[in-house]
Amino acid sequence: MFQNFTVKADPATVAPRLKALRAAMSAENLDILLVPHADEYQNEYIPACAERLAFLTGFTGSAGEALVFHDTAILFVDGRYTIQAAVQTDPACFGVGDLVNDPPISFLARELQPGMRVGFDPWLLTVAQARRLESLCEKTGAVAVATQINLIDRIWTDRPAEPMAKVTLHPVSRAGLAASRKLAAMAKNMRAAKVASVVLTDPSSIAWALNIRGADVSHTPLALARMIVPARGRATLFVEGAKLDEATRAELLALVVLAEPDAFEAALATADGPVMLDPDRAPALVGVLIADAGVAVVEARDPVIAPRAAKNSIELKGAAAAHRRDGAAMAAFLAWYDQQDAATLDEITIVRKLEAVRTETGARLGMPLRDISFDTICGAGPNGAINHYRVDEKSNRKVRAGDLVLLDSGAQYDDGTTDITRVLPAGEVSDEYRRHFTLVLKGMIAISLARFPSGTRGVDIDVLARKALWDAGFDYAHGTGHGVGSYLGVHEGPQSISKRGLAPLHNGMILSNEPGLYVEGSHGIRIENLIVVTAPKPVPGGIMPMHGFATLTLCPIDRRLIHRKLLTTQERRWLNAYHARVRREITPLVESEAVAGWLEQATQKI
């Protein structure tokens, strides 16, 4: 299966590794070392060979940084991972800091002294991140030192090899637009901006621009590569030749020049200038190499991000099909769950079954499951309160009567990426749990019903999901929604619905809608659908058209967990209409009359 449950974190390894790292720091005359959760491509999910933060600290979450001093060390994580970090690392070695409210750069601003040397790997920090660190060091009299060799790699004797998965072609029938047209549009925009070339360092952007996919990163179909695109002439793709079969090589050679990755640094020095570079995506070393060659740089957002985020009609058609298929799998799984004595289940059994059902359903409906879109989060009882909990053989918890089971999962199909969270009851649950569930549901419905004018940002509507929770004295420490790719990353920018969601929401952007409520040591609740921004439409009696959201996810929301009196008439109408649509669209796709009968019951009106 795509997910494994091997215990990845062992706090006992932290102390000796930290000791070895400090010895390496002493050899390089460094007082402090910054260790981010990053690879050389700034991916969110990174290959095993780049899991340096996990190797050092034991922490396996997808976001974090560490500061290592000779006498102390701090692991910084965001609100999703506070509980997980405390469990996975050795508290005698690493304190846990706040990545959002007091990040490493703020911590250093208080701690740096003149003459201190702060080391960092210039492949792992972006241009903007390195600039902030260097500016801070200059102000305090400290020195930022770009290391020639990553110091963790020096002590990681059994570091995994670089990934070498095959590159595959993503057909125009799925992508909706030929790669030649994408490259031509990019070049035209570059000429208009008076830019001679652009350096793309984000594998997601390259995957979209060239209509290729890969398997170098778990659960995200990326090929690790870089590309230089000139305003006139052919782009050069820097990718391992061994990853290309004959058909893929031939297709790519019709579009670009192919080169090995080790030719990239030299090519930067001869790139036509001005060169467009995204300071928030490109590794710091890339900026240094271009500057050292005397090539002018224009800093701007990666030009692929905006068109990639606004899905075209073919991509949206594929997303809808993927969600219907995934809805059929979820219905089969939930029907199976309701037939079990929940107290005989554990988290791993649930995860295994869901993946098996997705695999079977995809094969039956003619679209194979390519991967899961992230490690399934299955938290029973108190484990559900850990936002991004990942079950392993050590943490695996049996479901107990009265528990809530938080199940957050997703799939990768050739035509779309899914992400869905549902909460499963283990028998009768308390009125408190039902009240909490309904408060979360009210927030999810509020986003689903939202109308908003052009130019609205995610930050402007985030409060809609939180109001019912705030009124009751609750909140959640994660965003309400993240962007989602088209058979690409399950997390995609620039769009989000969150307190930091500053990007305007445009037609065709896919986002998650996932408010939550978490009570440490007791339970967690999150309800998640994917939604897509719709074109502005007139509002009866209004004076301007408004955007809205169309829901992609099609799966029952457990009616047994709803405190009906807490829902308004409008909220009940939305839920009943949603369930009627789920029943209508999913019933023809399910595998048996038994599942169809379960679906009929699960989608009754309230």
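**Close-up views of a predicted model**

**Figure 1. Helix H15 covers residues 347-364.** This helix has 18 residues, and from its first C-alpha to its last it reaches 26 Å. That is close to the 26 Å expected at 1.5 Å a residue. The model shown here and in the other views is predicted.

**Figure 2. Buried residues of H15 include Ile348, Ile350, Val351, Leu354 and Val357.**

**Figure 3. Helix H14 (313-339) is part of what covers the buried residues of H15.** Strands contribute to the cover too, including S15 (371-372), S16 (377-380) and S17 (404-409). Strand S18 (411-413) and strand S20 (420-425) also belong to it.

**Figure 4. The protein chain contains 19 helices and 27 strands.** Its C-alpha trace spans about 65 × 55 × 50 Å along the principal axes. A compact globule of 606 residues would have a radius of gyration near 25 Å, and the chain agrees because its own value is 25 Å. Among contacts with a separation of 6 or more, 71% join residues 24 or more positions apart.

Figure 5. Of the 606 residues, 57% count as buried. The chain carries 65 positive and 69 negative side chains. The centres of these two sets lie 7 Å apart.

Methods
Residues numbered from 1 in each chain as written. Predicted model: local features only at pLDDT ≥ 70, side-chain atom pairs only at ≥ 80, totals over all residues. Heavy atoms only, no water. Helix = DSSP H or I, 4+ residues; strand = E, 2+ residues; numbered from the N terminus. Rg over C-alpha atoms; globule rule 2.2 N^0.38 Å. Buried < 20%, exposed > 50% of the residue type's maximum accessible area, 1.4 Å probe, protein only. Contact = heavy atoms within 4.5 Å. Lys, Arg positive; Asp, Glu negative; His and termini not counted. Charge placed at Lys NZ, Arg CZ, Asp CG, Glu CD. Expected span 1.5 Å × (residues − 1).
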